[in-house]
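This report concerns selected side-chain interactions in one protein model. Please consult the sequence and the structure shown here while reading.

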Amino acid sequence: MFRGLCILMLCFDPHVIRSICFRMNFYEHADSNIVTTTFELPGLKREDITISLLHNKLTIAGESLDQRPQGEGEYTTRELPYGKFFRVLTVPLGMRPEDFKARMENGLLTLTFPKDPPMQEPHRISIENRNVVHGVTCGAYDLTIRISWIL
């Protein structure tokens, strides 16, 4: 039902592109319609992360800045990731942004949302009442024919 894509980490060096998957726990509660996902995002604050929903794609994105020490020198080993990243989860169709709850504590982003979208009542669409003598609506055009009697 749920699928996730790895994070693409873009470093500030334009010639280096690394694929890094930050660790994630995905927990489906057996006794309720709730899913809890926890992302490990060490060193990041909630201001560094954005969460968005478009159709059935939930995107977690952010940026980890390069923590280069001051002064002269160079790295002999560099394993800590930095740069822009994102991760996309496929969620059921019909989910709305208000269905998701997010919390960030100690480098852990926790998202809670329903396994299945809440049942939605059909939305009633009202029919506009126009006082037109004779009219025809065709696509985006409203043609009105007014008849005048000359006596």
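The model is predicted, so local features require pLDDT of at least 70 and side-chain atom pairs count only at pLDDT 80 or more, while totals for chains, interfaces and linings use all residues. Residues are numbered from 1 along each chain as its sequence is written, and side-chain values use heavy atoms, with hydrogens and water left out.

**Threonine 36**

Threonine 36 belongs to strand β5, residues 34-40; strands are DSSP runs of E with at least two residues, numbered from the N terminus. Its relative accessibility is 17%, and threonine 36 therefore counts as buried (under 20% relative accessible area; exposed means over 50% and partly exposed lies in between, with a 1.4 Å probe and protein chains only). The side chain of threonine 36 makes a polar contact of 2.9 Å with the side chain of histidine 29. Such a contact is a pair of N or O atoms within 3.5 Å; within protein, one must be able to donate a hydrogen and the other to accept it, and residues adjacent in sequence count only if both atoms are side-chain atoms. When neighbours within four places in sequence are set aside, the residues in contact with threonine 36 (heavy atoms within 4.5 Å) are Asn25, Phe26, Tyr27, His29, Thr110, Leu111 and Thr112.

**Salt bridges**

The structure contains four salt bridges, each defined as a side-chain nitrogen of Lys or Arg within 4 Å of a carboxyl oxygen of Asp or Glu. Three of them, including the pair of glutamate 40 and arginine 23, are listed here.

| Salt bridge | N to O distance |
|---|---|
| Glutamate 40 and arginine 23 | 2.8 Å |
| Arginine 96 and glutamate 98 | 3.4 Å |
| Arginine 96 and aspartate 99 | 3.2 Å |

The salt bridge between glutamate 40 and arginine 23 links distant parts of the chain, 17 residues apart: glutamate 40 is in strand β5, and arginine 23 is in the loop between β3 (17-20) and β4 (24-28). Glutamate 40 is partly exposed, at 29% relative accessibility, whereas arginine 23 is exposed at 59%.

Arginine 96 forms salt bridges with glutamate 98 and with aspartate 99. Through these shared partners, Arg96, Glu98 and Asp99 are joined into one network. Within it, arginine 96 is partly exposed at 30%, and glutamate 98 is partly exposed at 49%. Aspartate 99, by contrast, has 10% relative accessibility and so counts as buried.

How values were computed: Helices (H or I, at least four residues) and strands (E, at least two) are DSSP runs, numbered from the N terminus.
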